[in-house]
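Please keep the sequence and the structure in view while reading.

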Amino acid sequence: MKVIALSGSTRPNGNTSLLLRAVLKELEQRHIETEEIPLFDKTIHSCKGCFACRGKGYCVCDGDDFNGCYQKLLESDGILLGSPVYSADVSGIMKLFLERAGVVA
């Protein structure tokens, strides 16, 4: 079993990452493989709305880090999403990722 934690924080060691790591540590103690994917150092472009990816499982507008991160999520058994709250919403990088993931799925 593998669980991926996607961190939408812009701070690599901020509260969001600390909380995700605490959960991952508990899972690791139960012999569950884990991986944290911090988005702060990734380039994720906005969805172009072309819908050419529909049903393919990947975005045809390659050229950023989205497909690599999304593929890891597809290969996992569980997903944790963590994001600080900015203006009553998730961070911008998390929103970009989720928008594209929703179209590709």
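## Helix α1: length and sides

In this predicted model, helix α1 comprises the 15 residues 15-29, which at 1.5 Å a residue should span 21 Å.

Five positions of α1 are listed as buried, namely T16, S17, L20, L24 and L27. These residues cover an arc of only 85° around the axis, which means that they lie on the same side of α1. Among the elements that cover the buried residues of α1 are the strands β1 (2-7), β2 (33-38) and β3 (78-82). The face of α1 turned away from the buried side carries N15, L19 and K25, which are exposed. After α1 comes H31, a residue with a positive phi, near 65°.

## Helix α2: the buried side

Which residues of α2 are buried? They are F66, N67, C69, Y70 and L73. Their arc around the axis is only 160°, and therefore they are on the same side of α2. The partners against which the buried residues of α2 pack are β1, β2, β3 and α3.

## The packing of α2 and α3

Helix α2 spans residues 66-74, and helix α3 spans residues 92-104. The two helices pack at an angle of about 65°, and their axes are 11 Å apart. The crossing of α2 and α3 is right-handed.

On the side of α2, the contact is made by F66, C69, Y70 and L73, while α3 contributes F97, R100, A101 and V104. Sorted by class, the contact of α2 with α3 has seven nonpolar residues, one charged residue and no polar residues.

## Positive phi values in two loops

Where is F51 placed? F51 is in the loop between β2 and α2. Its phi is near 60°, which is a positive value in a residue other than glycine. F51 has a relative accessible area of 46% and is therefore classed as partly exposed.

A88 is found in the loop between β3 and α3. The phi of A88 is also positive, near 60°, and A88 is likewise a residue other than glycine. Is A88 buried or exposed? With a relative accessible area of 77%, A88 is exposed, because the cut-off for that class is over 50%.

Methods:
Residues are numbered from 1 along each chain as its sequence is written. This is a predicted model: local features need pLDDT of at least 70, side-chain atom pairs count only at pLDDT 80 or more; totals for chains, interfaces and linings use all residues. Side-chain values use heavy atoms; hydrogens and water are left out. Helices (H or I, at least four residues) and strands (E, at least two) are DSSP runs, numbered from the N terminus. The expected span of a helix is 1.5 Å times one less than its number of residues. Buried means under 20% relative accessible area, exposed over 50%, partly exposed in between (1.4 Å probe, protein chains only). The arc is that of the directions from the helix axis to the C-beta atoms. Contact means heavy atoms within 4.5 Å. Axes are lines fitted to C-alpha atoms, for helices over the stretch in contact, and angles run from 0 to 180 degrees between N-to-C directions. A crossing is left-handed if the near helix is turned anticlockwise from the far one by less than a right angle, and right-handed if clockwise. Ala, Val, Leu, Ile, Met, Phe, Trp, Tyr, Cys and Pro count as nonpolar, Asp, Glu, Lys and Arg as charged, and the others, Gly among them, as polar.
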